[in-house]
Amino acid sequence: MLEMTAAAARRAAVAAQGFTDRRPATPPTRRRVLATVDRTGLLQLDSVSVAVRAHYMPVFSRIGGYDRGMLDDAAWRHTASTPRALVEYWAHEAALIPVADWPLMRWRMRRYEGGRWAGERRVLDRNPTLGKDILDVVTEAGPSSAGEVERHLRIDSSGKRGPWWGRSDTKVVCEQLFASGALSVDRRVGFVRHYDLAERVLPAVVTTAEVAESDAIRALIRRASKALGVATAADLRDYHRLSAAQAAPAIADLVDDGALVPLTVRGWDAPAYLSAEATVPRKAAGTALLCPFDPLVFFRPRTERVFGFRYRIEIYTPAHKRVHGYYVFPFLHRGELVARVDLKADRAADALRVPGAFAEDGRDSGDAVEALAGELRSMATWLGLSDVVVGDRGDLAAELAVRV
């Protein structure tokens, strides 16, 4: 069996995610934006907007300042000349995925027909006709938020119960219809989903395509391996939230086909697989701020295994118990995670705030602080903010404040 050093595996992982590619010298085009999404395979969605919405940041991290409207249009706008390129669905979590990958999730849609979780199933049981009524409303009214659907169903906006159980039930069933593939997301307004019939959101070739579950799982594992470079079975499963029972035969098939190469990585506690499409750069490269939901770091056990970087998001931790801050971005420099910064976009003050900046123990920061300062200035410009303001928390704060 082949053996790889941990450093080589780290370089392969960083390269697979596109961080070793040269950033464009001119403003990125729609084609470059979509190529970046194709490289990661998905962009996780999240409601937190303290710095910037999670799905926007991974593209910036890889190609620098781009027009976020291009990503919005790719996901939530369709014209005859510019068809929709991305669509929402449950991939890693709620995520944007390429439209072409929607049929690969049909097996999951079938599993969700009876509800995605226990509470959802209870709502369906006590509202046996609500799903059909919602579909009737959307069919007639077109793209609608859960609140708009509710008004069509004449649920009393004052809070008094109408013919249904209330807004929460309507929202839950809209989400169930989205999870089962009957509805998709036509657009977002203020980050609120506006649902429409899937066949009106997506081209017929996508909504009518049938892919056997085993074939879909194999395709998803292959996509994950390409995005990860070198990975354990747990890493491959996590990328699209697959079970061990699903993944094992798919991995075996891909090994037989030569798409995955089994190997050991020194220091890793599990066998690994190298994508046949992976590259292993001779030098470590890649500098970027990473949001908590970036595909390079969103599977925390892998982040610790590959980078020796223990990361926990502290949004739900009481303020006095937080170690690093509310919304902390790891900092990748020369292919290693060397620091982390707490970030907040303060629109009122026209500034990107950095309440805390922390170096990783045992890492040679070298020119990392200067590089971090440059990335923060670039991010502020991209967000339309005039200044970067560094607070006093963390061992990098004083030096960083001088350099920004």
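**Close-up views of aromatic rings and a helix contact**

The structure, a predicted model, holds six aromatic pairs.

**View A. Phe60 and Trp382 form a stacked aromatic pair.** The ring centres of Phe60 and Trp382 are 4.4 Å apart, and their planes lie at 10° to each other. Because planes under 30 degrees apart count as stacked, the pair of Phe60 and Trp382 is given that name. Phe60 belongs to helix α3 (residues 57-63), whereas Trp382 belongs to helix α16 (residues 368-382), so the pair ties together parts that are 322 residues apart in sequence. Both residues fall below the limit of 20% relative accessible area that defines a buried residue: Phe60 is buried at 0%, and Trp382 is buried at 10%. Phe60 and Trp382 also belong to one aromatic cluster, together with Tyr66.

**View B. Tyr89 and Phe178 form a tilted aromatic pair.** In this pair, the centres of Tyr89 and Phe178 are separated by 5.8 Å, with 55° between the planes. Tyr89 is found in strand β3 (residues 86-90) and Phe178 in helix α9 (residues 167-179). The pair thus links distant parts of the chain, 89 residues apart. Tyr89 counts as buried, with a relative accessibility of 1%; Phe178 is likewise buried, with a relative accessible area of 1%. Phe178 has a further neighbour, for Arg193 lies over the face of its ring, at 4.4 Å from the ring centre.

**View C. The charged end of Arg340 sits over the ring of Phe309.** The distance from this charged end of Arg340 to the centre of the Phe309 ring is 4.0 Å.

**View D. Helix α1 and helix α12 cross at roughly 110°.** Two packed helices are described by the angle between their axes and by the distance between those axes. Helix α1 comprises residues 6-16 and helix α12 comprises residues 213-228; their axes come within 6 Å. Angles of 65 to 115 degrees count as roughly perpendicular, and α1 and α12 are therefore roughly perpendicular to each other. On the side of α1, the contact is made by Ala12, Ala13 and Ala16; on the side of α12, by Lys226, Ala227 and Leu228. Of the residues in this contact of α1 with α12, five are nonpolar, one is charged and none is polar.

Notes:
Residues are numbered from 1 along each chain as its sequence is written. This is a predicted model: local features need pLDDT of at least 70, side-chain atom pairs count only at pLDDT 80 or more; totals for chains, interfaces and linings use all residues. Side-chain values use heavy atoms; hydrogens and water are left out. Rings of Phe, Tyr and Trp (its six-membered ring) pair if their centres lie within 6.5 Å; planes under 30 degrees apart count as stacked, over 60 as edge-to-face and the rest as tilted. Helices (H or I, at least four residues) and strands (E, at least two) are DSSP runs, numbered from the N terminus. Buried means under 20% relative accessible area, exposed over 50%, partly exposed in between (1.4 Å probe, protein chains only). A charge sits over a ring if NZ of Lys or CZ of Arg is within 6 Å of the ring centre and within 35 degrees of the ring normal. Axes are lines fitted to C-alpha atoms, for helices over the stretch in contact, and angles run from 0 to 180 degrees between N-to-C directions. Angles under 35 degrees count as roughly parallel, over 145 as roughly antiparallel, 65 to 115 as roughly perpendicular and the rest as oblique. Contact means heavy atoms within 4.5 Å. Ala, Val, Leu, Ile, Met, Phe, Trp, Tyr, Cys and Pro count as nonpolar, Asp, Glu, Lys and Arg as charged, and the others, Gly among them, as polar.
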